[in-house]
Amino acid sequence: MIDYKWLVETGFVLNNDVYEKWCAKRTFITAEYIDGEWYVWLEITGSTVGLSHIKSKEQVCDLYFALSGQQLVGS
């Protein structure tokens with residue numbers, strides 16, 4: 001499952017209680033911990049959509065790869 005440590009290790013940056021990772025021009029994946037559960041969002045040019053079905057690290061990695069063409073790896 002997604003956790004703080006993994007987000008930091010893979011380059012997500014904490015910004016106003018939300019972890020975000022740039023993946024393409026004006027495109028971010030964000031993760032927010034709300035009421036004991038992680039929520040993943042996709043933000044493109046200021047518009048945001050919640051991806052409630054994404055619950056695992058592997059799914060976040062797949063999304064990042066689909067958007068950027070690169071593997072999401074730890075630093």
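Biologist: Which strand is Asn 15 in?
Modeller: Asn 15 sits in strand E1. Strands (E, at least two residues) and helices (H or I, at least four) are DSSP runs, numbered from the N terminus.

Biologist: What sort of model is it?
Modeller: This is a predicted model, where local features need pLDDT of at least 70, side-chain atom pairs count only at pLDDT 80 or more, and totals for chains, interfaces and linings use all residues. Residues are numbered from 1 along each chain as its sequence is written, and side-chain values use heavy atoms, with hydrogens and water left out.

Biologist: What does its side chain make a polar contact with?
Modeller: The side chain of Glu 20, at 3.2 Å. A polar contact is a pair of N or O atoms within 3.5 Å; within protein, one must be able to donate a hydrogen and the other to accept it, and residues adjacent in sequence count only if both atoms are side-chain atoms.

Biologist: And what stands opposite Val 13?
Modeller: Glu 20 in E2. The bridge partner of Leu 14 in E2 is Tyr 19.

Biologist: How many bridges link E1 and E2?
Modeller: Three, in the antiparallel sense, between residues 13–15 and 18–24. Two strands pair if DSSP finds at least two bridges between them. E1 and E2 form a hairpin with two residues between them, and Asn 16 in the turn has a positive phi of about 55°.

Biologist: What about E2 and E3?
Modeller: Those run antiparallel too, joined by five bridges, with E3 covering residues 27–34. Trp 22 stands opposite Phe 28 in E3.

Biologist: New topic. What is the strand order in the sheet?
Modeller: E1-E2-E3-E4-E5, an open sheet with antiparallel pairing. E1 and E5 (47–50) are at the edges with a single partner strand each, so one side of each has no neighbour in the sheet. The twist averages 35° from one strand to the next.

Biologist: Which strands does helix H2 lie across?
Modeller: H2 (residues 57–68) lies across E2, E3 and E4 (37–44), at about 35° to E2. Axes are lines fitted to C-alpha atoms, for helices over the stretch in contact, and angles run from 0 to 180 degrees between N-to-C directions. Contact means heavy atoms within 4.5 Å.
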